[in-house]
Each structure stands twice: as C-alpha cells, then as structure tokens.
Amino acid sequence: MSPSRSFAIPTVAAVAPADVERAVAVLTLAFSADPVTRWTYPEPAQYLARFPVLVRAFGGGAFTEGTARHVADYAGAALWLPPGIELDEAAIGASLPPGRESEFAAVFEAMAAYHPQEPHWYLPLIGVDPARHRNGYGAALLQDTLRRCDQDHVAAYLESTNPANITLYQRHGFELRGTIQVGSSPPLFPMFRPSR
C-alpha cells in the first residue's frame, strides 16, 4: 500500500432513470462468478441473456422507488427495497431457466422462511465491478442506506449468495441467521440487521 494513497469516501448517489442499464450492467459483472448465480445460470450465454432480466425483476422495485444506489460513477450498485415494497414473483420466475422450476421454487420457499415479518429494508442485490474491488465501494453502498435505516429505526435484511461477503455484512451490523441449501444449490446465508 502506498503511503500517498488517498482514502476519500466514495460518492454514493441515486441511480437516475436514464442510467438503469449502467446499474444492471455493473451488477451483471459483479455476479459473474457468484456461486448461487452461476448455479442458477451455468451456461455463459444463458447467464448474459437472463441475469439482467433477473436484476430488473428481483430489484426492479428499487428503480421505480428511487432507492437504487450507485457508487463512484457505477463502479458498483445496490438495489434496496424500502419497507412495504414486494418482489415481483412472476417476473422473477420468468427470468429463471426453464426446466428447473421445482428446484428454484424450493430455494425461494426456504428464503421466504427467513424473511423478516417486521418492517425492514431489503437488499436483494449489491455488487461491485470485479475490476474495481478493494476500494471501499461495497462498504459505501451499505453505509449509505444503513444510515437511513438507523435514522428511521428500521431493520435491514439480505441473503448473501457468497460466503466471502459475510464478514463485510457483519462489519455493518448484519447477523447471520442460518444457512439455506436445497438440493444441489450452493448455500445462501440470510442476514438480519436489527433496527437501531
């Protein structure tokens, strides 16, 4: 590490409606080696064609609610769903590869069992361009909305699809609630951050 390296706090801002595709693109890069995502879309062409559809389906409410955030001119993005905003299950189902419906349904059912009943912010997707890792972008994206959670005394929830990210979430107050693993799926880790 260079002693002259600057540690400026990365700038986080709302995703503008005209920039939704930039947010989808960076999330597509970010999840290209994610264990659960690539189990879902094992073929590269399938992943590139279908994962952007999943991003819009799974986190699309963040675009319409104005709660999608980006950092450092789209080095990363986070799609936060505020309390009361529901997932579009039909759109999510349509984005998944055909022929494995029962497998995916079992995973989503297990995920639903951990989802908190109390009002909370839900983080279905957060990611940073792999070429721009280790710059504090993920932490900045988390801190940005967690400040709002704390101001409003509201909990936050996510499912980590990569065990390598658990410590990052723990540093920001998320607690591991268990492990979800159904059939041949890699494990997912539900994590809850109580209201403060």
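## Strand β3

Strand β3 is mostly covered, with six of its six residues buried; buried means under 20% relative accessible area, exposed over 50% and partly exposed in between (1.4 Å probe, protein chains only). Helices (H or I, at least four residues) and strands (E, at least two) are DSSP runs, numbered from the N terminus. From β3, G76, A78 and W80 point one way, while A77, L79 and L81 point the other way, and all are buried.

This is a predicted model, in which local features need pLDDT of at least 70, side-chain atom pairs count only at pLDDT 80 or more, and totals for chains, interfaces and linings use all residues. Residues are numbered from 1 along each chain as its sequence is written, and side-chain values use heavy atoms, leaving out hydrogens and water.

## Strand pairing

Two strands pair if DSSP finds at least two bridges between them. β3 pairs with strand β2 (residues 68–71) in the antiparallel sense over four bridges, and R69 has A78 of β3 as its bridge partner. The hairpin of β2 and β3 has four residues between the strands, and A72 in this hairpin takes a positive phi near 50 degrees.

β3 also pairs with β4 in the antiparallel sense, over five bridges. The bridge partner of L81 in β4 is Y122.

## The largest nonpolar core

A nonpolar core is a set of buried Ala, Val, Leu, Ile, Met, Phe, Trp, Tyr and Cys residues joined through side-chain atoms within 4.5 Å. The largest one has 35 residues, of which F51, F63, L79 and L125 touch the most other members. Its largest share, eight residues, comes from α3.
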